[in-house]
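This report describes the strand pairing, helix packing and ring contacts of the structure shown below.

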Amino acid sequence: MDKAFSNLLKYIDKLPHTKKEKVYQWVKRYVDPTSSVGGRLINEMRETRFKDGFECPHCTSEHVVRFGKVKGRQRYRCKSCLKTFTDTTNTVLYRTRKGDEWITFVDCMFKGYSLRKSAEIVGVTWVTLFYWRHKLLSALKQMDFDHFEGIVEVDETYFLYSQKGQRGIKERKPRKRGGKSKHRGISHEQVCVLVARDRTKATVSKVSCMGRIVKTKIETIIGTKLSSHNVLVTDAWRAYKTYAKEN
């Protein structure tokens, strides 16, 4: 048995990265069975979504009762509009039986894998993942909050401006994925994404401008969510200093 296990490890070590990732995801599911992972995902969603009490997603009424089960999942009925719903109604998991695959796909997204590579790991087509990704991005855009609490850390990251899919680009020669900027350091060729987050994990992450972040963009993106009660933690860039001093 030990020899067979040793040979198995040697075989896995020789596999390409995508196959190793697939083995890892399989082992993870075997150690933590699929049904419990999917069930835990639904339970966490229910606790977060209905933490202040059940509310109908159709008419926002609080007169909600349990109304049997559909394919093993709890169903509810609103006494006001008489419509039924489940824990996943109006969420990215609505009408899907692949809760565990969703978890694996999100893991692949965090690791920066392409759709085709993710599809090989998850076990569904890349076309399916294309729609899943848009569902996730759409859901993230709808997430919002009123204001930050306590300490707020702010920083920015930069990406080389992409014109993928456009024809007739005249400002520069076509380049391969990634590429390099003509200018050293941060320049107008780079897209600035501002990221702000407090200790409750309330987060804002938005494209702000081309090139270095400026004070007016900080005000536009996160100004309404900050107050004099917040402690702003940033680097020494002058836009942050000026904004903090004025506010």
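Arg 75 has Thr 86 of β3 as its bridge partner. Strand β2 (residues 73-78) is joined to β3 by three bridges, and the two run antiparallel. Strands are DSSP runs (E, at least two residues) and helices likewise (H or I, at least four residues), numbered from the N terminus; two strands pair if DSSP finds at least two bridges between them.

The open sheet has three strands in the order β1-β2-β3, with antiparallel pairing. Because β1 (64-70) and β3 (84-86) are the edge strands, each with a single partner strand, one side of each has no neighbour in the sheet. From one strand to the next the twist averages 35°, where axes are lines fitted to C-alpha atoms (for helices, over the stretch in contact) and angles between N-to-C directions run from 0 to 180 degrees.

## Basis of the model

The model is predicted: local features need pLDDT of at least 70, side-chain atom pairs count only at pLDDT 80 or more, and totals for chains, interfaces and linings use all residues. Residues are numbered from 1 along each chain as its sequence is written, and side-chain values use heavy atoms, with hydrogens and water left out.

## The four-stranded sheet

A sheet of four strands, also open, has the order β6-β5-β4-β7 and mixed pairing. At its edges stand β6 (203-210) and β7 (231-233), each with a single partner strand, so one side of each is left without a neighbour in the sheet. The twist here averages 25° from one strand to the next.

Strand β4 (residues 151-160) and strand β5 (residues 190-198) run antiparallel and are joined by nine bridges. Asp 155 has Val 195 in β5 as its bridge partner. Helix α7 packs on this sheet, touching β4, β5 and β6, and its direction makes about 145° with that of β6; contact means heavy atoms within 4.5 Å.

## Helices α7 and α8

The axes of helix α7 (residues 215-222) and helix α8 (residues 238-246) come within 8 Å and cross at roughly 60°. From α7, the contact involves Lys 215, Ile 218 and Glu 219; from α8, Ala 239, Tyr 240, Thr 242, Tyr 243 and Glu 246 take part.

## Charges over rings

Arg 212 lies over the face of Trp 237, at 4.5 Å from the ring centre, and Lys 225 lies over that of Phe 145, at 4.6 Å from the ring centre. The criterion is NZ of Lys or CZ of Arg within 6 Å of the ring centre and within 35 degrees of the ring normal.
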